[in-house]
Amino acid sequence: MSQQANELFENFNELTPSEFFRKNKQMLGFSGKIRSLTIVFHELITNSFDAAEEAGILPEIKIDLKRLGKDHYVLTHTDNGPGIPEDFVMKVYCQMFAGSKFRNIQSRGQQGLGCSGCVLLSQMTTGEATHVISSYMDHGELKGVKMKFKMHVKNNVGDLISKEYFQPETTGVCIKLYFKEVSYTLAEQGAFEYIRRTMIANPHAKITFRDPSGHQYIFKRAAEIVPVLPKEVLPHPKGVTADDIITMAKTTDKRNFKSMLTSSLARMSSKKINELAEITGLDMKKRPKNMKWEEAEAIVEAFDKMKFMAPPTDGLIPIGEEQIEKGMKLILKPEFITTITRKPITYKGGVAFIVEAGIAYGGDAGRIVNEQRKSEILRFANRVPLTFDQGSCAITEALKSIDWRRYGLRDFDNTPITLFVNIVSTQIPYLSTGKQSIAPEPEIVHEVRQATMKIARKLQKYLRSKRAEKEKAMRSKIFEDYVPVIIEEAANLAETEVPDYKPVLAKVTRRALAELLGEKIEDDEEEEDYIDYFLEELDEFGHEVDSEHSARSNRIYETDLDEAFKDDEAPKKKSKKGKKSKEQEVEDALEEEEKLEQEMSGSSKKSQQTTLFDE
C-alpha cells in the first residue's frame with residue numbers, strides 16, 4: 001500500500017451526532033434567520049405540550065423574547081408541565097438522539113433532536129451557556145434545581161457549569177437561551193404566526209407571548225379538556241421489512257419464532273402463524289437468535305401474500321371536529337366554518353393514519369397580502385404546524401389538485417379562506433429531519449382530497465345561500481324603488497289620492513323573496529288578507545272609509561263566505577267531503593267582491609281605474 005493510502009486512514013475519525021449536526025444544522029431546520037427562530041419555538045412548544053399532556057395537565061406556556069441587538073435575542077420559555085428530574089436535565093438538552101419518544105406511538109416529536117438542537121444553535125451562534133430551572137416531583141416531594149451548562153459537542157453530552165437547589169411552589173420547566181443570526185417577524189413563516197397556528201390545532205392550551213417590542217399577546221384556552229393519551233401500537237405485518245424482522249429477532253426475549261411474531265406484530269394470531277409456516281416452510285419453533293436473512297425475507301414475502309385485518313387504530317387520537325372548530329373560531333372568527341374527521345385507513349399496506357380537515361370562510365380567515373385577504377393553507381402533523389417546505393408536501397399537492405371552481409370559488413387564490421388539514425399517525429412520513437413536509441404517499445394524497453372535497457360541498461351550499469341573499473336584497477330593492485312610483489302614477493291618472501301601499505308592498509316583497517328562496521307560501525292567508533285590506537280601506541272612488549260605511553259591514557271570514565253570497569251565485573264546487581275547500585271559498589269571495597264593487601261604481605272612469613288597481 002502506498003504512503004498516500006496509509007496517510008488517508010491516519011485521518012480517519014468518528015463523528016458524534018452533535019458534531020454532525022453542528023456542521024449540518026440545516027438538516028435540523030436551522031436555515032435562514034426567520035426559519036431558525038421559528039424552529040426553536042416549534043421544538044420548545046411541542047416538548048412542553050407533550051410533557052404536560054402525558055401528566056394530565058392543561059398546557060400553559062409563557063414565552064418572552066427580548067432583542068439585545070441586531071439579530072441578537074434572548075428567549076425565556078416557561079411551562080407548567082411535570083418538570084424534568086435533575087439527573088435527566090442535561091440528557092434532554094445536551095444529548096442528541098436521546099428521549100422517551102422512540103416508540104411506535106402517536107407523538108409530536110419522534111427523533112430526540114429538538115431541544116438539544118436548540119441548545120446547539122444557541123451555543124454555536126453566541127457561545128453562551130444554557131440556563132434551566134426545573135421543578136419536579138420526586139417520590140411525592142416537590143423539588144427544584146437551577147442549572148447552568150454547555151453542550152460538549154465532541155462527546156455529545158452536557159458540561160455542568162453551576163447548580164443550585166431551591167424550593168418551588170409548582171412543577172414546570174423554564175429554559176433561557178441566547179441566539180444570534182436569527183430574526184423575529186410577523187410574516188407568514190415567523191414565530192408569531194407559528195404560535196397562532198399552534199393554537200388552532202391545540203385549543204386546550206394557553207400561550208402568553210411577549211414580543212421584542214414589549215407587546216404581550218395572550219392566546220386564551222378554548223377547551224378545558226386534556227386530550228386522551230395515545231397508546232403504543234405494534235407494527236402491522238404489511239408494514240415491516242426483512243431488516244425489521246431481523247432486528248426483532250436479535251432483540252427479543254422470546255424463545256421461538258411463533259412467540260416472537262405474535263408478541264411483536266399486530267394481528268398475528270396462532271392461525272396466521274400456521275398459515276405463515278405453510279407458505280414459508282419454516283420451523284416456527286426455531287430460536288429467534290438463529291434467524292438468517294433469507295428466513296426474514298421469506299417471512300416478509302409471505303406477509304405480502306397473506307390477508308390480515310387492518311391495523312388497530314385505538315392508538316390514534318385525532319383532534320376531533322368540535323375541538324378543531326373551537327380552535328378555528330377562536331383565532332379566525334369566520335362567518336362560516338365546517339370540519340371533518342375521517343375514518344382511519346393505511347398507507348404502505350400497514351401504517352394507519354387519520355385525516356382531519358376544516359374550512360373557514362370570511363372573518364379573519366385567509367392571509368393578508370397587500371391589504372387583501374387571500375387563501376391560506378394550514379398544514380399539521382399530529383397537531384404540529386408545518387410552516388415551511390409547503391410546495392413539496394402531500395397536503396399541498398392534494399389541495400392544489402382540487403378544482404375549486406366546482407365549489408363556487410372562481411378565484412381560489414384571492415378568496416378569504418383558510419384550509420386546515422391535520423395528519424394523525426404513529427409514523428408520519430416526513431421528507432426530512434426538519435419535519436416540515438409530508439411525503440406524497442398516494443393513499444395520503446387521496447384521503448386529503450376526499451376529506452377536503454366533502455367539506456367544500458358544505459361551503460358551496462353556504463356560498464349559494466349567500467348569493468341568494470344578495471339577489472333577494474336586490475329584488476327587494478327593485479320592488480321598493482319602482483312599485484311606489486307605479487302606484488303614484490296610477491293614482492295621478494285616476495285623479496285620486498295615493499293609497500297607503502306600504503302594507504301591500506311589504507306582503508308582495510315577502511312573497512317575491514319567498515319564491516326566490518323556494519320557500520312555501522301560505523297562499524290562502526295572503527289572499528284573504530289582501531281582500532280584507534282593500535275592501536275595508538277603499539271605497540269605489542279609492543277613498544278611505546270607516547268600518548260603518550264600508551262596502552262590507554263586517555270583516556269576511558272563511559265561515560261567513562257561504563252565507564254572504566248564497567243569493568248571488570249558484571253553488572260552487574264541493575270538496576270530497578261535500579264542503580267548499582279553502583281555496584274555492586277564497587276564489588268565490590274574490591269574484592263576488594268584484595261584482596259588488598262594479599255595481600257600486602257603475603261605469604265611470606274613476607271606478608274602472610279603482611277596480612283595475614284592486615285586481
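**Close-up 1. Helix H10 in the predicted model, residues 293-305.** H10 has 13 residues, and the distance from its first C-alpha to its last is 19 Å, close to the 18 Å expected at 1.5 Å a residue. Its buried residues are Glu 295, Ala 296, Ile 299, Val 300, Ala 302 and Phe 303. These residues lie on the same side of H10, because they cover an arc of only 160° around the axis. The face turned away from this buried side carries Glu 294, Asp 304 and Lys 305, which are exposed. The cover over the buried residues of H10 includes helix H7 (242-251), helix H8 (257-264) and helix H9 (270-280).

**Close-up 2. Helix H9 and the residue that follows its end.** Lys 272, Ile 273 and Leu 276 are the buried residues of H9. They cover an arc of only 105° around the axis, so they sit on the same side of H9. Lys 271 and Glu 278, on the other side of H9, are exposed. H8 and H10 are included in what covers the buried residues of H9; H9 in turn is included in the cover of the buried residues of H10.

**Close-up 3. The open sheet of eight strands.** The strand order is S5-S4-S3-S6-S2-S1-S7-S8, and the pairing is mixed. Strand S5 (157-166) and strand S8 (216-219) are the edge strands, since each pairs on one side only. From one strand to the next, the twist averages 15°. Helix H5 packs on the sheet, where it touches strand S2 (72-79), strand S3 (130-138), strand S4 (141-152) and strand S6 (172-180). The direction of H5 makes about 35° with that of S6.

**Close-up 4. Strand S1 (residues 60-69) and its pairing with S7 and S2.** S1 and strand S7 (residues 206-210) run parallel and are joined by five bridges. Ile 61 stands opposite Ile 207 in S7. Ile 63 has Phe 209 as its bridge partner in S7, and His 77 as its bridge partner in S2. The pairing of S1 with S2 is antiparallel and extends over eight bridges. S1 and S2 form a hairpin with two residues between them. In the turn, Asp 71 has a positive phi of about 55°.

**Close-up 5. Gln 123 in helix H5 (residues 114-126).** Gln 123 has a relative accessible area of 18% and is therefore buried, the limit being under 20%. Leaving aside residues up to four places away in sequence, Gln 123 touches Glu 128, Lys 150, Met 151 and Val 153.

**Close-up 6. Asn 156 and Asn 382, each with a positive phi although not a glycine.** Most residues other than glycine have a negative phi. Asn 156 lies in the loop between S4 and S5, and its phi is positive at about 60°. Asn 156 is buried, with a relative accessible area of 8%. Asn 382 is found in the loop between strand S14 (376-381) and strand S15 (384-385). The phi of Asn 382 is positive at about 55°. Asn 382 is also buried, with a relative accessible area of 3%.

**Close-up 7. The contact of helix H6 (residues 191-201) with helix H11 (residues 321-332).** The two helix axes come within 7 Å and cross at roughly 145°. From H6, Arg 196, Met 199 and Ile 200 take part; they meet Ile 324, Gly 327, Met 328, Ile 331 and Leu 332 in H11. By type, the residues of this contact divide into six nonpolar, one polar and one charged.

**Close-up 8. Arg 449 in helix H13 (residues 442-493).** Arg 449 counts as partly exposed, at 24% relative accessibility. Not counting residues up to four places away in sequence, Arg 449 touches Ala 398, Ser 401 and Ile 402. Arg 449 and Ala 357 are 92 residues apart in sequence, and their C-alpha atoms are 9.8 Å apart in space.

Key. Residues numbered from 1 in each chain as written. Predicted model: local features only at pLDDT ≥ 70, side-chain atom pairs only at ≥ 80, totals over all residues. Heavy atoms only, no water. Helix = DSSP H or I, 4+ residues; strand = E, 2+ residues; numbered from the N terminus. Expected span 1.5 Å × (residues − 1). Buried < 20%, exposed > 50% of the residue type's maximum accessible area, 1.4 Å probe, protein only. Arc of directions from axis to C-beta. Contact = heavy atoms within 4.5 Å. Pairing = 2+ DSSP bridges. Axes fitted to C-alpha atoms, helices over the stretch in contact; angles between N-to-C directions. Nonpolar A, V, L, I, M, F, W, Y, C, P; charged D, E, K, R; others polar.
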